[in-house]
Every structure is written in C-alpha cells, then in structure tokens.
Amino acid sequence: MKKPSKIGLNIAQIHQISDRLFQRKLRENDLADLNPSQGRVLFALKEQDLISMQELSDRTSLSNSTLTVVIDKLESKKLVKRVPSKKDRRKHLIKLLDKFQQDFERYFKIVLEMSSIYYEGFSPTEIDEIEENIANILKNLEKQERIGA
C-alpha cells in the first residue's frame with residue numbers, strides 16, 4: 001500500500017502556525033485590530049484598488065460569504081468602502097480608503113518579516129522553486145474546486 005503524502009497536513013500546520021505568528025506580529029506593531037484575512041484583503045486592494053467582490057475573492061482565495069463578512073468589518077473600521085459600479089448598477093467595487101495608507105508601511109514590514117521567516121536558510125534558487133511548486137499545487141486545487149462546483 002502506498003504511503004499518503006503529508007503535504008495536506010504540512011500545509012494545514014503551516015497555515016495555523018503562520019496565522020498565529022502573523023497575529024502576534026500585528027499586535028506587536030499596534031495593528032491588532034486586523035486579522036490575517038482582513039490583511040490579505042487590504043494587501044490585495046493595495047495592489048489593485050476598485051475591484052469587484054469576485055475578483056477580490058479570486059485574489060485572496062476567500063469564499064464569497066467569508067469575504068462579505070471581512071468587507072463588512074473593514075467597512076465598519078473605515079478602511080474600505082463599497083462603491084457602485086458605473087458599468088453595472090447591481091455590482092459594487094471595493095475601494096481602499098486613505099486611513100489604511102498610514103498603517104500600510106507597518107503592515108508591509110510584517111509581510112516582509114514573515115517572508116524572511118518562511119525562507120530562512122533557503123537559496124534564491126530554492127525559493128524560486130518553492131514558489132513555483134506551491135503555485136502549481138494551488139492551480140491543481142483550484143482546478144479541482146471548479147470541477148466540483
């Protein structure tokens with residue numbers, strides 16, 4: 001009998017430990033009112049502002065229902081705003097508000113710290129290989145998720 005891969009377990013453990021460490025770093029940098037999911041959304045909006053909920057869901061891998069809750073909380077903190085789409089009145093785009101700009105430098109510093117923790121001891125070539133392999137695993141999972149939808 002073939003031995004099962006540990007990748008699923010390892011990824012789950014990485015996710016759990018990473019979230020706890022990230023949350024601790026947020027607290028240490030006076031950003032404790034943000035959780036990792038909210039940070040992911042804000043980071044995605046920093047890269048491209050005024051995007052639809054669907055595009056934001058695709059960029060963050062958050063389900064639509066989870067994303068709605070996250071956006072509601074970010075909106076109550078006055079970090080984002082829903083803006084009616086000019087192309088389709090039924091849709092809203094999500095806009096990053098200026099208030100987060102003040103905190104972005106501290107947030108981005110934490111993201112860089114986390115990256116250095118992830119890749120401690122790896123060569124640049126190994127980092128590139130890991131990034132490529134993880135991106136391929138993500139594509140495989142997304143493909144299977146679409147098939148099952």
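Predicted model: local features only at pLDDT ≥ 70, side-chain atom pairs only at ≥ 80, totals over all residues.
Tutor: A residue counts as exposed when its relative accessible area is over 50%, as buried when that value is under 20%, and as partly exposed in between.

Student: Why is isoleucine 14 called exposed?

Tutor: Isoleucine 14 has a relative accessible area of 51%, and the class of exposed residues begins over 50%, so isoleucine 14 is exposed. This residue is found in helix α1, which covers residues 7–28.

Student: What makes leucine 50 count as partly exposed?

Tutor: The relative accessibility of leucine 50 is 41%, and a value between 20% and 50% falls into the middle class; leucine 50 therefore counts as partly exposed. Leucine 50 sits in the loop between α2 and β1, and its phi is near 55°, which is a positive value in a residue other than glycine.

Student: Why is lysine 78 put in the class of exposed residues?

Tutor: Lysine 78 has a relative accessible area of 57%, and since the cut-off for exposed is over 50%, lysine 78 is exposed. It belongs to the loop between α4 and β2, and its phi, near 60°, is again positive in a residue other than glycine.

Student: How much of the chain counts as buried?

Tutor: Of its 149 residues, 27% count as buried. The C-alpha atoms fill a box of roughly 55 × 40 × 25 Å along the principal axes, and among contacts between residues at least 6 apart in sequence, 50% join residues at least 24 apart. The chain holds six helices and three strands, and from the N terminus on, these elements run α-α-β-α-α-β-β-α-α.

Student: Turning to the helices, why are α2 and α3 called roughly perpendicular?

Tutor: Helix α2 (residues 36–47) and helix α3 (residues 53–60) pack at an angle of about 110°, with their axes 10 Å apart. Angles of 65 to 115 degrees count as roughly perpendicular, so α2 is roughly perpendicular to α3. The crossing of this pair is right-handed, and the contact is made by Arg40, Val41, Ala44 and Leu45 of α2 together with Leu56, Arg59 and Thr60 of α3. By class, those residues of the α2 and α3 contact are four nonpolar, one polar and two charged.

Student: How do you know that α3 and α4 are roughly perpendicular to each other?

Tutor: The axes of α3 and helix α4 (residues 64–76) come within 10 Å and cross at roughly 105°. With the range for roughly perpendicular set at 65 to 115 degrees, α3 and α4 are therefore roughly perpendicular to each other. Met53, Gln54, Leu56 and Ser57 of α3 meet Asn64, Leu67, Thr68 and Ile71 of α4 in this contact, which has four nonpolar, four polar and no charged residues.

Student: Why is α1 called oblique to α5?

Tutor: The axes of α1 and helix α5 (residues 99–118) come within 10 Å and cross at roughly 140°. Roughly antiparallel requires an angle over 145 degrees and roughly perpendicular ends at 115, so α1 is oblique to α5. The crossing is right-handed. Its contact involves Ser18, Leu21, Phe22, Lys25 and Leu26 of α1 and, on the side of α5, Tyr107, Ile110, Val111, Glu113, Met114, Ile117 and Tyr118; these divide into nine nonpolar, one polar and two charged.

Student: What makes β2 and β3 a pair of strands?

Tutor: Two strands pair if at least two bridges are found between them, and β2 and β3 have five bridges, in the antiparallel sense. Strand β3 (residues 92–96) is also joined to β1, by two bridges and again antiparallel. Within β3, isoleucine 94 is the bridge partner of arginine 82, and isoleucine 94 also stands opposite isoleucine 51.

Student: Why are β1 and β2 said to stand at the edges?

Tutor: The three strands form an open sheet in the order β1-β3-β2, with antiparallel pairing. β1 (51–52) and β2 (80–84) each have a single partner strand, so one side of each is left without a neighbour in the sheet.

Note on methods:
Residues numbered from 1 in each chain as written. Heavy atoms only, no water. Axes fitted to C-alpha atoms, helices over the stretch in contact; angles between N-to-C directions. Helix = DSSP H or I, 4+ residues; strand = E, 2+ residues; numbered from the N terminus. Parallel < 35°, antiparallel > 145°, perpendicular 65-115°, else oblique. Left-handed = near helix turned anticlockwise from the far one by under 90°. Contact = heavy atoms within 4.5 Å. Nonpolar A, V, L, I, M, F, W, Y, C, P; charged D, E, K, R; others polar. Buried < 20%, exposed > 50% of the residue type's maximum accessible area, 1.4 Å probe, protein only.
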